[in-house]
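These are my notebook entries on one structure. I set down what I looked up, entry by entry.

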Amino acid sequence: MEGSRVVIQKDFCVGCGLCVSDCPSSALRMTDEGPAYVGRCLECGHCVAVCPTNAVVMPQLDMGGVVEYDPRRFQVDPACLLNTMKFRRSVRFYANKPLPLPLLTQLLEAGRHAPTAKNTQATRFVAVQADLPELKTRFWAAMPQIIEQMQRENSPALAAFERFLHVHDTQEGKDPLFFNAPAIILVLSDNMWDAGLAAGNIELMAAANQLGLLHSGYLKRALPAAPGLCEWLGIEKEKLACVLLCGYPGVRYTRTAPRKPAEFTIR
Ligand SMILES: Cc1cc2nc3c(=O)[nH]c(=O)nc-3n(C[C@H](O)[C@H](O)[C@H](O)COP(=O)(O)O)c2cc1C
């Protein structure tokens, strides 16, 4: 039998049973001595989060990262949040200024707290800033091989990549594909939903900090095709799901961008 992933500290437990009722996998059962662990734990941490007396511990998880609820820290105005979402743009111009490490870390924190199917928490994040120039050098050196592979596969992206290489080779200062962004974030996951949700969190956190961000489907397609690049990045055994360019924006939008007319069904 698996070891107990949930420890109830009897001295603190008041026997309210909230940990038992909120457990999505019925891993806890109420007994005469209080809640008891019976197995099948998803490690979602709800028992820790819901306990009114902080009596539940999951020693194998990052308990140090658990934060107490404080209503003063939930003052996100819904209208402002929606406005932030509406004003978020895919940014293709970046200021020549690196991202401070705490800010980069905060973006990754936002990604890490996204939900994952079956709570696998298997999404991994690699942020590249200091090493981005070398990544780019390696990438462009591999571009002829990437293009050859696209030719063999009859890829619909071929013409675009030939154009990127041409611009890179002939137009100094232009930075095709990377848009002079100071940092990129690689989101690694076998599950595209998990990765997309994490990327959405990162994007929203970037918008809250008035940073620019761009999902690059092109780089997601091309980086793994560059021989040796994934090994150099240390991600050769993982699935690259999203590539996010980010940095301080070098463009300012004065209004929101129009969307297709809303088509909601509410019934
Ligand atoms: C999954 C995904 C992949 C994308 N890939 C690229 C890309 O490779 N290059 C690019 O310039 N924009 C890319 N975009 C940005 C879209 O073109 C952009 O979201 C769309 O034009 C709407 O603009 P907005 O994000 O500013 O509202 C991508 C967006 C998503 C969601």
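I took helices (H or I, at least four residues) and strands (E, at least two) as DSSP runs, numbered from the N terminus. I number residues from 1 along each chain as its sequence is written. The model is predicted, with pLDDT of at least 70 needed for local features and 80 or more for side-chain atom pairs to count, while totals for chains, interfaces and linings use all residues.

Entry: loop positions.

I looked up Lys118 and placed it in the loop between helix 4 and strand 5 (124-128). Its phi is positive, about 55 degrees, although Lys118 is not a glycine. For burial I count other C-beta atoms, placed from the backbone, within 10 Å of a residue's own: 20 or more is buried, 12 or fewer is exposed, and in between is partly exposed. Lys118 has 11 such atoms within 10 Å and is therefore exposed.

I then turned to Asn54, in the loop between helix 2 (46-50) and strand 4 (56-57). Asn54 also has a positive phi, near 55 degrees, and is a residue other than glycine. I recorded Asn54 as exposed because it has 12 C-beta neighbours inside 10 Å.

Pro100 sits in the loop between helix 3 (78-87) and helix 4 (101-112). Pro100 has 9 C-beta neighbours inside 10 Å, so I counted it as exposed. Between the C-alpha atoms of Pro100 and Pro224 I noted 27 Å in space, for a separation of 124 residues in sequence.

Leu42 lies in the loop between strand 3 (34-37) and helix 2. With 14 C-beta neighbours inside 10 Å, Leu42 falls in the partly exposed class. I call two residues in contact if their C-beta atoms, placed from the backbone, lie within 7 Å. Setting aside neighbours within four places in sequence, I found Leu42 in contact with Pro24, Ser25, Lys118 and Asn119. From Leu42 to Phe93 there are 51 residues in sequence and 42 Å in space, C-alpha to C-alpha.

Entry: a residue in a strand.

Is Leu244 buried or exposed? Leu244 is buried, as 25 other C-beta atoms lie within 10 Å. I located Leu244 in strand 8 (residues 240-247). Beyond four places in sequence, the contacts of Leu244 are Ile184, Ile185, Val187, Ala199, Ile202, Leu213, Leu214 and His215. I also noted 8.4 Å between the C-alpha atoms of Leu244 and Ala183, which are 61 residues apart along the chain.

Entry: helix pairs.

I fitted axes as lines to C-alpha atoms, for helices over the stretch in contact, with angles from 0 to 180 degrees between N-to-C directions. Angles under 35 degrees count as roughly parallel, over 145 as roughly antiparallel, 65 to 115 as roughly perpendicular, and the rest as oblique. A crossing is left-handed if the near helix is turned anticlockwise from the far one by less than a right angle, and right-handed if clockwise. For residue classes, Ala, Val, Leu, Ile, Met, Phe, Trp, Tyr, Cys and Pro count as nonpolar, Asp, Glu, Lys and Arg as charged, and the others, Gly among them, as polar.

Helix 5 (residues 132-152) and helix 6 (residues 158-170) pack at about 160 degrees, with axes 10 Å apart. Helix 5 is therefore roughly antiparallel to helix 6. The crossing of helix 5 past helix 6 is left-handed. From helix 5, Trp140, Met143, Ile146, Ile147, Met150 and Gln151 meet Leu158, Phe161, Glu162, Leu165 and His168 of helix 6. I sorted the residues of this contact into 8 nonpolar, 2 polar and 1 charged.

Helix 4 and helix 7 (residues 192-208) cross at roughly 140 degrees, and their axes come within 7 Å. These two helices, helix 4 and helix 7, are therefore oblique to each other. Helix 4 passes helix 7 in a right-handed crossing. Helix 4 gives Gln106, Leu107, Ala110 and Gly111 to the contact, and helix 7 gives Ala198, Ala199, Asn201, Ile202, Leu204, Met205 and Ala206. The contact of helix 4 with helix 7 has 8 nonpolar, 3 polar and no charged residues.
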